[in-house]
Amino acid sequence: MDQEILELERLCAVMYETGDSNMRQHAEKVLVDLVNDPHVLQKCQLLLERAVSPYSLLIAASTLTKRVTKHGTPLTIQERLDIRNYVLHYLYNATKHTAYGTDQLSLLFARVTKLSWFESSKDEWLFRNVVSDISKFLQGNTESCIMGVQILNGLVTDVNQSDNVKPLTRHRKIAASFRDTTLFEIFQLACRLLTQALVSGEQIQGNEQCALVGAVLRLTLTCLSYDFIGTSYDESGDDLGTVQIPTGWRTTFVDLSTSQLFLNLYNVLPESLCCIVMSCLVQIVSVRRSLFNNTERAKFLADIMKGIKGILENPQKMSDEATFHEFCRMLARLKANYQLGELVKAACYTECMRLIADFTVASLRMWQFSPNSIHYLLSLWQRMASSVPYVKAQEPHRLESYMPLILKSYVESRLKSVEVIVRDSLENPLEDMSFVKQQLEQVSSIARCDYTTTCQLLVRTFDETASHLDKYLHSNMDNQQLTIQIGKLAWVIHLVGAVIGGRVSFAATDDHDSMDGELVIRVLQLMDVTDRRLPSGKGYVTVELAFLSFFDQFRKIYAGDQVQKTSKVYKRLGEVLNLTDESAILGIFVSKIITNLKYWSNNEQILTGTLRLLGDLSIGFSSVRKLVKLGTIRFLLENDPSSHFPFLNVDSKISDLRCRTTFYTSLGRLLLVDLGEDEEKLTRFMVPMTTTFHSLQQMLQNASSNATMSSHAVRTLLGVTRDCRGLAYAFNTKSSYMMLFDIIYPTFTDILQKSIELWSHDPDVTTPVLKLFAELVLKRGQRLDFDVASPNGILLFKEASKLVCGYGNRILAMGEPPKDQVFSHRLKGMSLCFRLLKNALCAGLVNFGVFQLYNDPTLEDALNVFVKLAMSTDSSHFLDYPKLSSSYYSLLEVAMQDHMSFVSGLPPSVVYHLFKTLTDGLTGLDTVICTCCCNTLDHLVTYLFRIGSRAPALSNGDITSAVSLKRRHNEVDRQREQHFLQMMIDRPDILQTALSTVLHTIMFEDCRNQWSMSRPLLGLILLNEEHMPTLQKTLCEPGVEHGRLNLESVSNCFNQLMFCVDKNLHSKTRDRFTQNLSMFRREVNDIIKAASSGQNTGAGLDLTANSSNMMT
């Protein structure tokens, strides 16, 4: 053992210190496998006790954490208890170690405690006495106190994380129990320590004292950031979080002691700790409103605003960027949690808002100091502006005097930033449109608060900048000044679009529409100037993106189906630009779209935005009908677009080929408006494609392999495939789809089959082909309702089956790809293949009984490929990859619903594998997938019950008398039924496992689809009546979420569950059972609560004794 420990210590050092990659990989492999060693506990303890290097300490602690968390072979309760006690002894008595080593040991303690939270013995909770144990750390020196606080912080953090315990419902039960029993005690302990620190005040200057106070503050912040109601709130998203403080904490906040504590701490603590204090204040401001009554809420709000006023009057500590950022977050949370009518009633409202406005103006002007904080300040004023129409308080809010100042400072700061960005070659924020769009949405509400002043500012700014641009364009001055003016105009155009889009949130007047007209005129005039420079190659990307943003906002307000046709904006446009109505404006839109597609095909960002605009215009009911009357659109529909737009050329970038689908979807919608049943019109439109079909057909016929095909031919194939998919998506009427099908079948479908044959290994080819076929067989509306005399439905399904079989068999023959290509080269294609087959099976293309009647293997071949692909794939992949999960389980549901005659004839190993994936899906986190699995299981159980009712031998294994004389079955079907029955009899654990999984989910987990779970549950109970007493005893055994349940009480619940439920699966019986299930679940929850109450927390651990042992 000693030699092994020495070798492990050497490998720990090698893993982190050596520069030899081969040695590091070998060390990593050995150390990773250590977790599977049967003597892992002893070896890790020896590594910890020797503590030769911080690396061996880190590896030992992390290995123990993995072993504790490892599924399948859990440690005994005593082993976990020994590990927990040993870690506490070790941390209490150990000499100084590296931070990452002690952090990993703290994590180990937290993980053991979390996973064992519900372990009990003799009415005593074994792992819940954490505060009493850690209190012994707090009685020692400063270093010991810091260690104790860090352990508590690690525990609260780990219990609050949902990704380290599965299933999610188990985590939520542990987290809820921890919240109810321990969290408040930890929070009170932290507040007491902070109160002691406040008393010492200015004495907190030493490194150790600051470290201790910082650790306590982080613990407090972790407590306040706890997910109290199990919503898994993600703070990286919208900052609208409300802290759902439990009612039991109410007095701590109502008496204002907590808020006053942190406001006072902010004043006395050194600047390095103020950021954490401010983070705690953010959470305190976000405490749920319902925790207070009206009087208490007003008192609490007044206290907070008084504190904000004090901070703004002495802003020296906000020179720290992190503190500044947290203060901005606090201001945003203040308005998110309280109404403007409540704010104005505070005694210091007027002075406080004046200070906040001054602070905002100064912050906007310092745009480089903390750019990410601007979002929160704008969010505050946006919500203020949006609340103005709804304020009923008599006290004046005075926002009309602040909003213009804030807007002006924002506009001026953005324009000034352009000069610095160009001069110093900094990152341009206009290149990240998602970031800019969010700010512009906020500014639009602020701008509409005093729209007259806003428009005057924008008109003045636009005119000044445009005049400077005109001067530089004609004077051949340096390029930097020209770039600056272009950047400024881009910002102004974005702002014009934003304030026009803000009209939807406010009651606009005719005067406001006229002001919009003045802004629109200037933008369109500038666009005319920039477009004239494009033929000479002098374009500006930022300005073009700004134009697209402007058009998008203008379209929503003045060019949509809900727009008032008498808007004053058109009156002003008619006077200056002769654009008198919506059709004229749409002509400008189309002209700009054509210009961009012609000159900006090499810029993917502009191209994508332009096609998105065209797609939005083609969806509107009235706008699309006006568009098709324009000469430009008619020309586009009657001529080959590829001869005018470079992005449609074969030599375009591969990523641009995706834009072709979007483009042809829009063209298809435009063509569909007046298409009707005019086959000649569609034929003329499709001439470029049909010509390409025939040329590809010739090349493929002459090609002996994919190596003889040029890259030009491949790209031509990809392009026309994406074009056809766009048209297939747009043609959602029966007549248009039938005409399209007649054109592409059989020439183009043969090309697609050949392409799969030649390039099955290349996802760049197979992905668009599979997506096109999945679209062709997708039933949109009534488009696939072929005529009674038409064979097209059968032909289309046979083509789909042929494609699925060709692709599936080839990727099966290729074997397993490298790990980094598993999804791209195998699972993605499988997902598309499953989706294609599911669409084809659900489209109603053919009566599938015809295939069996005429011995046509088309259907069974496709289903067999599906089964082979499923068997060749690791079952974990079906839940790890969402797209594959969705397509696989939806196809499995269709197979179990409509094709059980096929499923019942599968070999036992296949059926058992499908059952395993089905059971895995039932325990998955995705509710949609779980519901799909419930439906699939219901179809399967119903089938079993139906044939079992004709075969009473299902319960005793006698198959010889299973054939009912009442119905005469096809011999093959009868044999398959017998085969399936025998499989279920041979493996009764299959259905029993499914029954146990469903019942466990309903009884002990957060079941969000109870109705879906009830559907298969009745059939499972009826098929496993003899197993039910045993299962009830198993369910009553102590589990990770509950203690031992009373067997008699649980049995009574099951009796009530089956009360007045007949032994059949008729609709009325199912409905009755579902009603009983709701009552059953409530009663079981009451039993679980009763079992969890009345147990005591054990006595504290003696940390001063000799170190405990993990090797017992």
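Reply: The second largest cavity is lined by Ser760, His761, Asp762, Pro763, Thr766, Thr767, Tyr807, Ser824, His825, Arg826, Lys828 and Gly829. Here a cavity is a set of points, on a 1 Å grid over the protein atoms alone, where a 1.4 Å probe fits but cannot get out, and lining residues have an atom within 4 Å of a point. The model is predicted: local features need pLDDT of at least 70 and side-chain atom pairs count only at pLDDT 80 or more, whereas totals for chains, interfaces and linings use all residues. Residues are numbered from 1 along each chain as its sequence is written, and side-chain values use heavy atoms, with hydrogens and water left out.

The volume of the second largest cavity is about 50 Å³, a volume being the space filled by probe spheres set on the grid points, which are joined across faces, edges and corners. The count of cavities of 30 Å³ or more comes to 3.

Two helices, helix 36 (763-776) and helix 38 (822-842), each supply at least two residues of this lining; helices are DSSP runs (H or I, at least four residues) numbered from the N terminus. Helix 38 gives the most, with 5 residues.

How values were computed: On a 1 Å grid over the protein atoms alone, a cavity is a set of points where a 1.4 Å probe fits but cannot get out, and a pocket is an open set with protein on both sides within 12 Å along at least five of seven lines; lining residues have an atom within 4 Å of a point.
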